[in-house]
Amino acid sequence: MQGRSPQPSMELNRLLLLTSFLLHVKEDHASPTRLVCDNRLIQKYIMEAKDMEKRVGQCQALPALSCPAVLPLVDFTFQQWKSKSNETKRREILCDLALLVGAAAGAQGQVSDECGARQLSQLYRHANSFFLLLQTFSWEAGHWEPSCSPHSMEQTHITSIFLTYRKLVQGKLRFFFHDLAKVLCKQGQGDNRDPPGGA
C-alpha cells in the first residue's frame, strides 16, 4: 500500500482541510471562492473577533499567565504590504496564525475559569480554521513548512491574545482576502467586495 502515488492522498487532505474550515465557520453553502469574493464573510469574521475580545474582557478575575503567551506582532504598513507577493503574504499570515493557535492552546491549559476557557476555545477554533484554509491556497510547489520566525512578543494578559487575533483578522487577513479577490473573483463574482478602508 505504501508504493501507491501520494497524489490522491494529498488531494483528499486538501479537501478535508477545506471541509473542516467550512464546518467551523458554519457557512452551509460557502465555496472557497465565495469565502474570498463575498466581502460580507470577512466582515462577519471581523465582527466575531471583536465580539470575542469584548466578551473575554467581561470575564471576571482572569489570571495572569504563568507561562507567557508568545504572540505575533501583526501591525504593518500598507506600502510594505503592497510590495509583497500573495505567496509571501500567505506565508506571513500562516506564521502569525501558527503563533496565535499555539498561544491559545497554551493559555487554555492555564485557565480554569469557565468564561475565559470558553472564549479561548472559540478563538482557538477560529484561528485554526483560518490556518487550515490558508494552507489550501498556494502559488508555489510543496507544502507550507513552519520554518518562519515572525516578530513576536511575550504577554501574560489573556486579553492580549484576543486583541492580536482581532488586529490580524481586521488587518492582514482582510487585505489578503481583498488581494485574492482580484485574482479569483472575475466574471462578476467580486461585486460584493469594496476596497478595505484601512488596516
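Predicted model: local features only at pLDDT ≥ 70, side-chain atom pairs only at ≥ 80, totals over all residues.
Angles over 145 degrees between N-to-C directions count as roughly antiparallel.

**Entry: α3 against α7**

I looked up how helix α3 (residues 39-57) sits on helix α7 (residues 158-184), and the angle comes out at about 170°, with the axes 9 Å apart. That is over the cut-off, so I put α3 and α7 down as roughly antiparallel to each other. On the α3 side I find I42, Y45, I46, A49 and M52 among the contact residues, and α7 brings in, among others, F162, L163, V169 and F177. Sorted by class, the α3 contact with α7 has 12 nonpolar, three polar and four charged residues.

**Entry: disulfides**

How many disulfides does the structure hold? I get two.

I took C37 and C185 to begin with: they form a disulfide with the sulfur atoms 1.8 Å apart. The link is left-handed, at -95° about the S-S bond. It ties together distant parts of the chain, since C37 is in helix α2 (residues 32-37) and C185 is in the segment after α7, 148 residues apart. C37 counts as buried at 3% relative accessibility, and C185 counts as buried at 12%.

Then I checked C59 and C115, whose sulfur atoms are 1.9 Å apart in a disulfide. The torsion about their S-S bond is about -70°, so I log this disulfide as left-handed. C59 lies in the loop between α3 and β1 (69-72) and C115 in helix α6 (residues 114-134), distant parts of the chain 56 residues apart. C59 is buried, at a relative accessible area of 9%.

**Entry: salt bridges**

I have 13 salt bridges in the structure, and I went through a few.

E87 pairs with R90, closest N and O atoms 2.9 Å apart. They are three residues apart in helix α5 (residues 86-108), so about one helical turn separates them. Is E87 buried or exposed? E87 is buried, with a relative accessible area of 4%, and R90 counts as buried at 1%.

D179 bridges to K89 at 2.7 Å between the closest N and O atoms. This pair links distant parts of the chain, D179 in helix α7 and K89 in helix α5, 90 residues apart. I have D179 as buried at 11% and K89 as buried at 4%.

E114 and R118 form a salt bridge at 3.5 Å. E114 is exposed at 60% relative accessible area, whereas R118 is partly exposed at 46%.

Technical notes: Residues numbered from 1 in each chain as written. Heavy atoms only, no water. Axes fitted to C-alpha atoms, helices over the stretch in contact; angles between N-to-C directions. Helix = DSSP H or I, 4+ residues; strand = E, 2+ residues; numbered from the N terminus. Parallel < 35°, antiparallel > 145°, perpendicular 65-115°, else oblique. Contact = heavy atoms within 4.5 Å. Nonpolar A, V, L, I, M, F, W, Y, C, P; charged D, E, K, R; others polar. Disulfide = S-S within 2.5 Å. Buried < 20%, exposed > 50% of the residue type's maximum accessible area, 1.4 Å probe, protein only. Salt bridge = Lys/Arg side-chain N within 4 Å of Asp/Glu carboxyl O.
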